Amino acid sequence: MKFKMTPQEKKWVLYDVGNSAFTMLVATLLPIYFHVLAASEGISETDYLAYWGYTTSIATIIVAVLGPTLGTASDIKGVKKIIFMAAMFIGAIGCIALGFIQSWLWFLILFAIAKIAYQLSLVVYDSMLTDVTSDERMDEISSQGYAWGYIGSCVPFIICIAIYALQTMGILPISLGVAMAIDFIITAVWWVAMAIPLVRSYKQVHYVEKTDKPVVSSLKRLGGVFKELGQNKKALFFLIAFFFYIDGVYTIIDMATTYGESLGLSSIGLVLALLVTQFVAFPAALFFGRLSRKYESGKLLIICIVAYFFIVVYAIFLRQLYQFWILAVAVGLFQGAIQSLSRSYFAKIIPPEKSGEYFGIYDICGKGASFIGTTLVAVITQITDSSSIGVGGLAVMFVIGLIFFIVTDRTPAVSEKKQ
């Protein structure tokens with residue numbers, strides 16, 4: 001039977017199409033342009049990779065602090081859409097401003113601001129899943145979001161990479177700075193445009209009532225959620241598992257191009273390889289979404305975690321561009337699945353009226369926790385003077401994540417215990 005999305009589900013999915021354009025920019029052209037700025041001021045290849053890793057780590061630490069608080073506040077009636085819009089617009093404006101910065105240090109600072117706002121918008125966006133669909137449709141709707149996000153983000157990205165390539169080859173008579181500024185503007189406009197349908201139609205179904213002291217109330221409710229995790233072992237074990245395995249996934253996304261650049265591989269070749277990742281990820285995410293109709297999402301997630309462990313092992317021995325292309329295809333096969341199934345798996349084991357609070361904590365253990373992976377790569381790279389050894393350290397994250405997830409999948413949910 002053909003799966004058909006409701007209008008509200010489609011509009012929710014559309015924001016994945018919009019924000020994924022910024023994700024592509026961060027994974028490809030942003031580190032390449034930063035490399036140019038850093039090299040022009042005498043920054044070494046090793047330090048270039050490390051500084052990018054440290055900046056990403058700082059940004060995600062800040063999100064780890066702000067995410068739960070804003071997520072909790074977003075559960076108040078009428079507040080979720082406001083926080084979502086504010087984070088999205090700050091991120092988009094920051095993205096545009098990056099095109100007018102020439103200092104490598106200020107570029108990193110502005111990048112951190114844009115990335116923080118982007119990630120905070122996703123905290124609220126992910127929590128909206130409980131409002132736009134039902135429990136039995138969450139796996140597939142979440143997969144649809146990531147799938148269409150991968151393929152949809154290719155539209156602005158192809159335009160951006162064409163401008164970059166034509167400028168690099170001397171065909172387009174503009175400077176690299178102007179070319180990148182145009183690319184940043186295109187990405188930001190696409191991001192906002194794809195969010196408009198959701199902003200106009202979204203209705204907050206699950207919420208808590210407003211109080212006279214919303215800040216104090218939000219903090220108390222957040223504290224209550226942490227206490228609830230003591231009783232909800234399934235959610236607790238999942239968050240621990242997620243903390244480790246998704247950390248590795250996001251580190252790979254954030255530093256793939258940076259890693260390739262440090263190995264001296266062709267910039268355009270790296271970008272095209274990651275474009276292939278998007279095209280592979282589209283059908284792969286949809287495929288795993290359909291598999292979730294027949295098989296438990298927990299079993300599918302175990303497959304994805306194991307696959308990522310072997311991807312990291314392969315990356316240690318990567319030296320040629322064609323090997324990077326193989327890596328890109330492998331990542332594409334499992335990237336959408338591990339992200340979408342994790343999101344829907346968690347959404348099904350938490351109270352829907354507290355989705356903002358729980359997804360704030362989820363973001364600590366996800367994007368907010370990825371500072372461990374990026375910092376691990378940066379530190380090991382500087383100590384060993386080898387980016388390959390630095391990347392290899394991520395394998396440990398997937399092993400620990402797999403162990404805790406197996407425990408999670410065998411733990412009954414709170415609702416199952418009551419029956």
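Leaving aside neighbours within four places in sequence, Val329 is in contact with Val276, Thr277 and Val280. This contact belongs to a predicted model, in which the mean pLDDT of the protein is 84 and 91% of the residues reach 70 or more. The points below cover confidence, selected helices, an aromatic cluster and several individual residues.

- Val329 is placed in helix 14, which comprises residues 321–347.
- With a relative accessibility of 31%, Val329 counts as partly exposed, since the partly exposed class lies between the 20% limit for buried and the 50% limit for exposed.
- Val276 is 53 residues away from Val329 along the chain, yet the C-alpha atoms of the two are separated by 6.7 Å.

**Confidence along the chain**

- Among the elements of the protein, helix 9 (residues 176–201) has the highest mean pLDDT, at 94.
- The lowest mean pLDDT among the elements, 50, belongs to helix 19 (residues 414–418).

**Helix 1 and helix 2**

- Helix 1 covers residues 7–27, and helix 2 covers residues 29–40.
- The axes of these two helices come within 3 Å and cross at roughly 35 degrees.
- On the side of helix 1, the meeting residues are Met24, Leu25, Val26 and Ala27; on the side of helix 2, they are Leu29, Leu30 and Pro31.
- The residues of this contact divide into seven nonpolar, no polar and no charged.
- Helix 2 has twelve residues, which should span 16 Å at 1.5 Å a residue; the end C-alpha atoms of helix 2 are 17 Å apart, and this agrees with the expectation.
- Because nine of its twelve residues are buried, helix 2 is largely enclosed by the rest of the structure.
- The buried residues of helix 2 are Leu29, Leu30, Pro31, Ile32, Tyr33, Phe34, His35, Leu37 and Ala38.

**Asn19 in helix 1**

- Asn19 has its place in helix 1.
- The relative accessible area of Asn19 is 2%, so this residue is buried.
- Apart from residues up to four places away in sequence, Asn19 touches Tyr118, Leu122 and Trp191.

**Ser201 in helix 9**

- Ser201 lies in helix 9 and is buried, with a relative accessible area of 17%.
- When residues up to four places away in sequence are not counted, Ser201 touches Gln8 and Lys11.
- Ser201 and Glu228 are 27 residues apart along the chain, and their C-alpha atoms are separated by 32 Å.

**Helix 13**

- Helix 13 runs over residues 297–316 and has 20 residues.
- From its first C-alpha to its last, helix 13 reaches 29 Å, close to the 28 Å expected at 1.5 Å a residue.
- The buried residues of helix 13 are Ser297, Gly298, Leu300, Leu301, Cys304, Ile305, Ala307, Tyr308, Ile311, Val312 and Ala315.

**Aromatic pairs**

- The count of aromatic pairs in the model comes to 32.
- In the pair of Tyr245 and Phe405, the ring centres are 6.4 Å apart and the planes stand at 90 degrees, so the pair is edge-to-face.
- Tyr245 lies in helix 11 (residues 233–262) and Phe405 in helix 18 (residues 395–410), so the pair ties together parts that are 160 residues apart in sequence.
- Tyr245 and Phe405 are both buried.
- Ring pairs link Phe238, Phe242, Tyr245, Tyr345, Phe346, Tyr358, Phe359, Tyr362 and Phe405 into a cluster.

**Leu376 in helix 16**

- Leu376 has its place in helix 16, made up of residues 371–384.
- Leu376 is partly exposed, with a relative accessible area of 27%.
- Beyond residues up to four places away in sequence, Leu376 touches Gly393 and Leu394.
- Leu376 and Leu394 are 18 residues apart in sequence, while the distance in space from C-alpha to C-alpha is 7.8 Å.

Definitions and conventions:
Residues are numbered from 1 along each chain as its sequence is written. This is a predicted model: local features need pLDDT of at least 70, side-chain atom pairs count only at pLDDT 80 or more; totals for chains, interfaces and linings use all residues. Side-chain values use heavy atoms; hydrogens and water are left out. Helices (H or I, at least four residues) and strands (E, at least two) are DSSP runs, numbered from the N terminus. Buried means under 20% relative accessible area, exposed over 50%, partly exposed in between (1.4 Å probe, protein chains only). Contact means heavy atoms within 4.5 Å. Rings of Phe, Tyr and Trp (its six-membered ring) pair if their centres lie within 6.5 Å; planes under 30 degrees apart count as stacked, over 60 as edge-to-face and the rest as tilted. The expected span of a helix is 1.5 Å times one less than its number of residues. pLDDT is the predictor's confidence in each residue, from 0 to 100. Axes are lines fitted to C-alpha atoms, for helices over the stretch in contact, and angles run from 0 to 180 degrees between N-to-C directions. Ala, Val, Leu, Ile, Met, Phe, Trp, Tyr, Cys and Pro count as nonpolar, Asp, Glu, Lys and Arg as charged, and the others, Gly among them, as polar.
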